[in-house]
Amino acid sequence: MGTPSVLWSIAKRCFTVGIITLTVSDRFAGIVSVRGASMSPTFNPKTDTLLGSLNDYVLVEKFCLLKYKFSHGDVVVFRSPFNHKEKHVKRIVGLPGDRVGTHYDMVKIPDGHCWVEGDNSSSSVDSRSFGPVPLGLINGRATHVVWPPHRIGSIGRKVAENRAGQISNKDHTQNFDDRLA
Amino acid sequence: MLPTLNVTGNLLLVERISTTTGKLKPGDVVILQSPESPRKIVCKRLIGMEGDEVTYVVDPKNSDRCETIVVPKGHVWVEGDHIYASKDSRNFGAVPYGLLKGRAVWTLLPRKDFGSLARKPMQ
């Protein structure tokens, strides 16, 4: 009767909504804000202006974590190998078995790891600094931009053309067999 | 993980609060996603946290050679209790902390082993 019971029912409702939101965003999909210019122009294309520095919000889905099957060009959210409390958003450029060319040499990506790079190579801390990232650190896959409204749309799977050193072991074996036949 | 755990398998009670709050200490038995295959969960003992110097026997079956390594920032060193037959950080290197999934605190099955999993004090 009166304010305490009203407050209590509001509190119960907030708690229920909170639990459901937490479960859905943890297991199915959630909305995440992206800071920084390492993925320009895919996210935050105009971070050099003081006015237009609102962050992008993206939809991150967690169904990919059931089988850990990723493709080249997927944009993923992962925990930093050097600080488990930080999350980063980058694009997968290499999968296990691929060879990725950096400035100095070719790196073979070990099993269970992937090579991530930001779309804006000049200002991105990614696998070129910390090496291949274990797939277990990936938290989800970003599929759509949901804010700002004029850029709502799905995130494409493009990989830059200059990743020249990408020979996967599968292709290598196939070529050899063709020559034998 | 002999002799702490059995060859035939154990049922362990694992708590996930210590991994999120970061209150793990060397000597804890932890479960983690294998860096070689994210769908595989392995159970090892935490030997060193970031910044610790860890000395380990590289290949106990064939030689006594030891190596010392400093665990990089954000990583941990895990080893199985039965180092002769364990694939752990000596094989796949220091593991990023984000791969740790929980701390095993209690053995539920088999009944004769029911009890808390002792934390082995590390020097």
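**Figure 1. Strand β6 of chain B and its pairing partners.** Two strands pair if DSSP finds at least two bridges between them. In this predicted model, β6(B) and strand β7 (residues 95-96) of chain B meet that criterion with two bridges, in the antiparallel sense. His75(B) has Pro96(B) as its bridge partner in β7(B). Strand β3 (residues 37-48) of chain B also pairs with β6(B) in the antiparallel sense, over three bridges. Here Glu79(B) of β6(B) is the bridge partner of Arg45(B).

**Figure 2. Side chains of β6(B).** In a regular strand the side chains alternate between the two faces of the sheet. In β6(B), His75(B), Trp77(B) and Glu79(B) point one way, while Val76(B) and Val78(B) point the other way. Strand β6 of chain B, residues 75-79, is mostly covered, with five of its five residues buried.

**Figure 3. Aromatic pairs in chain B.** Over all chains, the structure holds six aromatic pairs. Tyr56(B) and Trp77(B) form a tilted pair, with 4.9 Å centre to centre and 40 degrees between the planes. This pair links distant parts of the chain, 21 residues apart: Tyr56(B) belongs to strand β4 (residues 53-57) of chain B and Trp77(B) to strand β6 of chain B. Tyr56(B) and Trp77(B) are both buried. The rings of Trp106(B) and Phe114(B) form an edge-to-face pair because their planes stand at 75 degrees, with the centres 5.9 Å apart; the cut-off for this class is over 60 degrees. Trp106(B) is partly exposed, at 35% relative accessibility.

**Figure 4. Aromatic cluster in chain A.** One aromatic cluster is formed by Phe78(A), Phe82(A) and Phe130(A).

**Figure 5. The largest pocket.** Rolling a probe the size of a water molecule over the atoms shows where empty space is left. The largest pocket holds about 1,100 Å³ of space. Its lining comprises 26 residues, and Asp26(A), Leu65(A), Asn139(A), Arg16(B) and Lys101(B) are the closest to the pocket centre. From chain A, α1 (3-27), β4 (83-94) and β9 (138-147) each contribute at least two lining residues, as do α1 (17-21), β3 and β8 (100-109) from chain B. The lining of the largest pocket divides by class into ten nonpolar, seven polar and nine charged residues.

**Figure 6. The second largest pocket.** The volume of the second largest pocket is about 460 Å³. Of its 21 lining residues, Ser33(A), Arg35(A), Lys87(A), His88(A) and Val89(A) lie nearest the centre. In chain A, β1 (29-34) and β4 each supply at least two residues of this lining. The largest share, five residues, is that of β1(A). By class, eight of the lining residues of the second largest pocket are nonpolar, nine polar and four charged.

Figure 7. Thr19(B) is part of helix α1 of chain B. Its relative accessible area is 7%, so Thr19(B) counts as buried, the cut-off being under 20%. Leaving aside residues up to four places away in sequence, Thr19(B) touches His84(A) in chain A and Leu24(B), Tyr97(B), Leu100(B), Lys101(B) and Gly102(B) in chain B. Lys101(B) is also one of the residues closest to the centre of the largest pocket.

Figure 8. In chain A, Trp147(A) and Pro148(A) are joined by a cis peptide bond with omega about 10 degrees. Pro148(A) is placed in the loop between β9 and β10 (153-154) of chain A. In chain B, the cis peptide bond between Leu109(B) and Pro110(B) has an omega of about -5 degrees. The loop between β8 and β9 (115-116) of chain B contains Pro110(B).

**Figure 9. Tyr68(A) in the context of chain A.** Tyr68(A) is not a glycine, yet has a positive phi of about 55 degrees. This residue lies in the loop between β2 (56-61) and β3 (75-80) of chain A. With a relative accessible area of 14%, Tyr68(A) is buried. Chain A has 181 residues, of which 37% are buried. Its secondary structure consists of three helices and ten strands, in the order α-β-β-β-β-β-β-β-α-β-β-β-α from the N terminus. Among the contacts in chain A with a separation of 6 or more, 59% are between residues 24 or more positions apart.

Conventions. Residues are numbered from 1 along each chain as its sequence is written. Chains are lettered from A and ligands numbered from 1 in the order in which they are written. This is a predicted model: local features need pLDDT of at least 70, side-chain atom pairs count only at pLDDT 80 or more; totals for chains, interfaces and linings use all residues. Side-chain values use heavy atoms; hydrogens and water are left out. Buried means under 20% relative accessible area, exposed over 50%, partly exposed in between (1.4 Å probe, protein chains only). Helices (H or I, at least four residues) and strands (E, at least two) are DSSP runs, numbered from the N terminus. Rings of Phe, Tyr and Trp (its six-membered ring) pair if their centres lie within 6.5 Å; planes under 30 degrees apart count as stacked, over 60 as edge-to-face and the rest as tilted. On a 1 Å grid over the protein atoms alone, a cavity is a set of points where a 1.4 Å probe fits but cannot get out, and a pocket is an open set with protein on both sides within 12 Å along at least five of seven lines; lining residues have an atom within 4 Å of a point. Grid points are joined across faces, edges and corners, and a volume is the space filled by probe spheres set on the points. Ala, Val, Leu, Ile, Met, Phe, Trp, Tyr, Cys and Pro count as nonpolar, Asp, Glu, Lys and Arg as charged, and the others, Gly among them, as polar. Contact means heavy atoms within 4.5 Å.
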